[in-house]
Amino acid sequence: QLQLVESGGGLVQPGGSLRLSCAASGFTLNYYAIGWFRQAPGKEREGVSCISASGGTTIYADSVKGRFTISRDNAKNTMYLQMNSLKPEDTAVYYCAAVMHPNPAICLIEGRSYDYWGQGTQVTVSS
């Protein structure tokens, strides 16, 4: 059974940091482009970041550029989202997703492009 499981969410003060993890089981992430998405209450799902299967391409939403870093550890079959300088507007449920794209150099931050999704982890930024 193909599964993605997020962890690392929680409550953090503005300006703080969190690292989200997404562990895959039932398949090997090596061949998949992976992405992080988020959805705040009353808002549409937003693409946050993605990294290609090759690792050579990363994309960030303008709202998180310079603050968030996406990475992958294929040996651990896990991907990460390091979030620094967090703001209250970063509060949302964060989801990881994966898709096997024909071109290993490509990733997209469009949710409809992804086939496999985790269950989400809550991130709350508040003082």
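**Entry 1. Basis.** I note that this is a predicted model, in which local features need pLDDT of at least 70 and side-chain atom pairs count only at pLDDT 80 or more, while totals for chains, interfaces and linings use all residues. Residues are numbered from 1 along each chain as its sequence is written, and side-chain values use heavy atoms, with hydrogens and water left out.

**Entry 2. Disulfides.** A disulfide is a covalent bond between the sulfur atoms of two cysteines. I took as a disulfide any pair of cysteine sulfur atoms within 2.5 Å. By this rule I recorded two disulfides. Counting bonded cysteines along the protein chain, I read the pattern as 1-3, 2-4.

**Entry 3. C22 and C96.** I found C22 joined to C96, with an S to S distance of 2.0 Å. This link is right-handed, with 60 degrees about the S-S bond. C22 lies in strand β3 (residues 18-25) and C96 in strand β9 (residues 92-99), so the pair ties together parts that are 74 residues apart in sequence. Strands here are DSSP runs (E, at least two residues), as helices are (H or I, at least four), numbered from the N terminus. I also checked C22, which is buried with a relative accessible area of 0%.

**Entry 4. C50 and C107.** The sulfur atoms of C50 and C107 are 2.1 Å apart, and the two residues form a disulfide. I recorded this link as right-handed, with 60 degrees about the S-S bond. The pair links distant parts of the chain, 57 residues apart: C50 is in strand β5 (residues 46-51), and C107 is in the loop between β9 and β10 (116-117). C50 is buried at 0% relative accessibility, and C107 is buried at 6% relative accessible area.

**Entry 5. Surroundings of β9.** I then turned to the strand that holds C96. Six of the eight residues of β9 are buried, and the strand is mostly covered. I counted two strands as paired if DSSP finds at least two bridges between them.

- β9 runs antiparallel to strand β4 (residues 33-39), joined by seven bridges; Y95 in β9 stands opposite F37.
- Three bridges join β9 to strand β11 (residues 121-125), also antiparallel; I found Y94 opposite T121 in β11.
- With β10, β9 pairs in the antiparallel sense over two bridges; the bridge partner of A97 in β10 is W117.

Note on methods
Buried means under 20% relative accessible area, exposed over 50%, partly exposed in between (1.4 Å probe, protein chains only).
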